[in-house]
Amino acid sequence: MGKETGFLEFEREDRTYDDPAERLGHYKEFTRALPQEKLRNQAARCMNCGIPYCHTGCPVNNLIPDWNHLVYEADWKRALDTLHSTNNFPEFTGRVCPAPCEAACTLNLVDSPVTIKSIECAIVDRGWNEGWIKPQVPAARTGRSVAVIGSGPAGLACAQQLARAGHAVTVFEKSDRIGGLLRYGIPDFKMEKHLINRRAVQMEAEGVQFRTSSEVGVEVSFSALRENFDAVVLAGGAEEARALDIPGAELPGVRLAMEFLTQQNKRNAGDDEVRAAPRGTLSATGKHVIVIGGGDTGSDCVGTSNRQGAASVTQLEIMPKPPAREDKALTWPNWPLKLRTSSSHEEGAERDWAVLAKRVVAEGGEIAGLECVRVEWQGGRMEEVAGSEFTLRADLILLAMGFTGPKRRGLLDRAGVALDQRGNVAANTQDYTTNEPNVFTCGDMRRGQSLVVWAIREGRQAARAVDEALMGVSELPR
């Protein structure tokens with residue numbers, strides 16, 4: 001694959017970013033793509049390693065060595081076809097996926113993996129620019145209908161696959177625009193939303209119908225969907241945010257990260273403040289911001305706060321600081337626990353680890369600080385460090401501590417589906433069926449909080465399961 005000696009001839013070179021001083025002035029993407037000749041050299045580094053662990057590192061099992069070789073051969077159109085054979089939306093994953101494929105790359109043994117994510121993004125971006133990506137309208141219709149609840153990456157992937165199989169697919173989305181977490185949870189500076197819009201246009205041409213502002217279990221009756229569709233797919237995501245159970249957490253200056261991020265994305269989309277912030281404007285401008293939670297959502301809050309002109313931003317994580325470099329002998333080719341610094345962190349933020357929030361400090365009904373204590377972890381158990389208490393100044397506290405599972409009120413209360421021990425909708429990854437006949441589930445609603453690429457995988461696999469249940473056989477890939 002690629003050039004057999006390419007990994008010896010070419011050093012790893014990845015996309016770069018605009019200068020922080022420049023990119024903090026806007027919410028647009030700021031990644032600078034590599035020129036095509038450099039991308040060809042990077043693809044040439046794919047080393048014909050014999051056992052391509054990148055396949056299994058990638059949740060959608062992308063045929064990575066194959067399209068790397070095609071890029072090296074400058075056969076971009078075939079590379080696009082190969083990429084699309086396993087991934088409906090590589091422009092999404094090429095921007096927001098953490099790239100477990102690169103962690104699994106054989107060259108990662110020497111900390112120099114192939115720039116798989118950048119090549120993936122370049123392939124699909126060129127496909128759109130060249131006009132190669134067109135609707136795939138089925139030759140015949142099956143006469144069967146499917147309702148997909150939720151238009152995040154799982155719902156979209158499932159809907160597109162089912163439409164291409166010839167089924168009549170209607171996607172129900174409770175928000176005013178489709179995209180789910182892609183639309184309102186991921187900042188525009190990481191993924192601009194015109195990328196979702198053009199996929200929606202493609203899917204509508206393939207026969208998918210979108211019904212926005214239609215919350216099933218509230219505006220739309222679940223029982224009516226059961227009666228009017230041959231199958232129903234639950235792809236509503238995991239939206240129940242983990243709560244901060246400490247004194248003062250009920251104060252108005254303590255807010256959920258997703259509310260904060262959604263407001264800004266709505267403003268970027270052109271919404272006025274009434275539509276963008278129905279509970280009142282949530283802004284970091286001139287404020288000392290504390291973000292509780294060290295993951296990607298917390299990082300997104302950091303980047304958004306800095307763009308809004310925060311006076312300071314501090315991100316806290318309850319777990320200890322990870323090592324700067326993993327032990328390859330113990331972790332490779334699996335996803336390693338190590339210190340990760342995002343582009344948002346590079347734009348300016350204080351980060352602290354092994355910190356437990358204890359109490360929100362209030363003055364005159366407004367938050368003024370956050371009392372914390374340092375913790376130690378021994379054998380998986382957390383112990384507070386005596387005498388380590390400290391207080392951070394705070395005007396706004398954003399909770400980015402993850403999600404505990406799907407929301408039960410509304411849809412799940414009325415669907416009657418069984419839940420697993422973690423509170424997710426119970427279903428396996430063979431047929432994706434729930435305990436209710438002809439009701440399926442996939443994505444974060446089934447597996448819990450996860451990655452966009454995992455949602456796409458589950459949406460595709462669930463589509464095949466639905467197709468097989470309706471038709472007795474399916475030609476859709478898993």
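This is a predicted model: local features need pLDDT of at least 70, side-chain atom pairs count only at pLDDT 80 or more; totals for chains, interfaces and linings use all residues.
Residues are numbered from 1 along each chain as its sequence is written, and side-chain values use heavy atoms, without hydrogens or water. Local features need pLDDT of at least 70, and side-chain atom pairs count only at pLDDT 80 or more, whereas totals for chains, interfaces and linings use all residues.

**View A. Second largest pocket.** The pocket holds about 210 Å³ of space. Of its 13 lining residues, Lys28, Asp188, Lys193, Asn268 and Ala269 are the closest to its centre. A pocket is an open set of points on a 1 Å grid over the protein atoms alone, where a 1.4 Å probe fits, with protein on both sides within 12 Å along at least five of seven lines; lining residues have an atom within 4 Å of a point. α11 (181-184), α12 (194-205) and α14 (257-268) each give at least two residues to the lining. Helices are DSSP runs of H or I with at least four residues; strands are E runs with at least two.

**View B. Val114 in its loop.** Val114 sits between α8 (100-104) and α9 (116-130). Val114 counts as buried because its relative accessibility is 3% (buried: under 20% relative accessible area, 1.4 Å probe, protein chains only). Glu102 lies 12 residues away in sequence and 6.6 Å away in space, C-alpha to C-alpha.

**View C. Phe30 in its loop.** Phe30 is placed between α2 (20-23) and β2 (31-32). Its relative accessible area is 3%, so Phe30 is buried. Beyond four places in sequence, Phe30 touches residues including Tyr17, Phe189, Arg307 and Glu347 (contact: heavy atoms within 4.5 Å).

Key
Grid points are joined across faces, edges and corners, and a volume is the space filled by probe spheres set on the points. Buried means under 20% relative accessible area, exposed over 50%, partly exposed in between (1.4 Å probe, protein chains only).
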